[in-house]
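Subject: Structure handover

Dear colleague,

Here is the structure for your files. My notes on it follow below.

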Amino acid sequence: MANMQSVEEFMRRYIDEHIAEEKRQQASHVPFRQRFYSEDCDYGSRIGMLEMFQSEKVQSVSSSDTKAEVIVTREVALEPGNFYDLRYLLQASGDSWLMCEVDVRCCSCNGKPGNESCPCCHGTGWRNPNISKVGTAASDQKLDAQKVTR
C-alpha cells in the first residue's frame, strides 16, 4: 500500500467535491424552481446547505491500514455560530478510501460515551442518522456502533 492515499487527502477531496456537487445540484434545480415556486418561496431551495458544507473542518483523524475514523465539525445550516460533529468511518478500497458510515454526535448525552441509559446512542456517544437503521432494534444499533469504535 505504498501509494495509498492518505485519509487527510481523501477527506480534502471529499469536502471539495461535496461542495462542487452541491453547487451543481442547486444550479440544475433553478429552472424547476422557476416553473413551480415564486421567488419568495424558500421551500426545497436548500438555503444554507452550501455554506454548511463549506464550513466543514477536520478535527481529528485516526487510522490503521484498513480502517479510519475522521471527526469533523460543521456549522448548522441557517444557524451561524452553531456547530455539530460528524464521525466518518472509512474503509480502505484499493489505493483510496470509501465511507462506510457517517454518525452524528449524540445531542441527548452530549456525546459522552458510556452512558448506557441514553435512549439515542445507547452509550456510544454517536447516532447513526441512516434512515435504513431507524427500525433497527436498539441493541443491534449499539452492536453496530461498537464494531467501529473498538
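The largest nonpolar core has eleven residues in all: Met-4, Val-7, Phe-10, Met-11, Ala-68, Val-70, Val-72, Leu-86, Tyr-88, Leu-90 and Trp-97. A nonpolar core here is a set of buried Ala, Val, Leu, Ile, Met, Phe, Trp, Tyr and Cys residues joined through side-chain atoms within 4.5 Å. Two or more residues of this core come from each of α1, β2 and β3. Helices (H or I, at least four residues) and strands (E, at least two) are DSSP runs, numbered from the N terminus. A second, separate core has five residues, among them Ile-19, Leu-50, Met-52 and Phe-53. In soluble globular proteins, nonpolar side chains tend to be buried together.

This is a predicted model, in which local features need pLDDT of at least 70 and side-chain atom pairs count only at pLDDT 80 or more, while totals for chains, interfaces and linings use all residues. Residues are numbered from 1 along each chain as its sequence is written, and side-chain values use heavy atoms, with hydrogens and water left out.

Val-7 is one of the core residues and belongs to helix α1. Its relative accessible area is 3%, so Val-7 is buried (buried means under 20% relative accessible area, exposed over 50%, partly exposed in between, with a 1.4 Å probe and protein chains only). Leaving aside residues up to four places away in sequence, Val-7 touches Val-61, Ser-63, Ala-68, Val-70, Leu-90 and Trp-97; contact means heavy atoms within 4.5 Å. Val-7 and Trp-97 are 90 residues apart in sequence, yet their C-alpha atoms are 7.3 Å apart in space.

Helix α1 covers residues 7-36, and its end C-alpha atoms are 42 Å apart; this agrees with the 44 Å that its 30 residues should span at 1.5 Å a residue. The expected span is 1.5 Å times one less than the number of residues. At Val-30 the helix bends by about 40 degrees, and a proline, Pro-31, follows within four residues. The bend is the angle between axes fitted to the seven residues ending at a residue and the seven starting there. The buried residues of α1 are Val-7, Phe-10, Met-11, Ile-15, Ile-19, Glu-22 and Arg-33. They pack against α2 (49-54), β1 (57-63), β2 (67-75), β3 (83-93) and β4 (96-105).

On the sheet: five strands form an open sheet in the order β1-β2-β3-β4-β5, with antiparallel pairing. β1 and β5 (126-127) stand at the edges with a single partner strand each, so one side of each is left without a neighbour in the sheet. Two strands pair if DSSP finds at least two bridges between them. β2 and β3 pair over nine bridges in the antiparallel sense, and Ala-68 stands opposite Leu-90 in β3. β3 and β4 pair over eight bridges, also antiparallel. The bridge partners in β4 include Val-102 for Tyr-88 and Glu-101 for Leu-89. In a regular strand the side chains alternate between the two faces of the sheet. The β3-β4 hairpin has two residues between its strands, and Gly-94 in the turn has a positive phi of about 65 degrees.

How many salt bridges does the structure hold? There are seven, a salt bridge being a side-chain nitrogen of Lys or Arg within 4 Å of a carboxyl oxygen of Asp or Glu. Two pairs lie in helix α1:

- Arg-13 bridges to Glu-17, with the closest N and O atoms 3.5 Å apart. The two are four residues apart, about one turn of the helix. Arg-13 counts as partly exposed at 40% relative accessibility, as does Glu-17 at 47%.
- Glu-21 bridges to Arg-24, with the closest N and O atoms 2.8 Å apart. These are three residues apart in α1, about one turn of the helix. Glu-21 is partly exposed at 30% relative accessibility.

An α-helix has 3.6 residues a turn, so residues three or four places apart point the same way.

Arg-74 forms a salt bridge with Glu-56, the closest N and O atoms being 2.6 Å apart. This pair links distant parts of the chain, 18 residues apart: Arg-74 is in strand β2 and Glu-56 in the loop between α2 and β1. Both Arg-74 and Glu-56 are buried. Finally, a network of salt bridges links Glu-69, Arg-87 and Asp-103.

Regards
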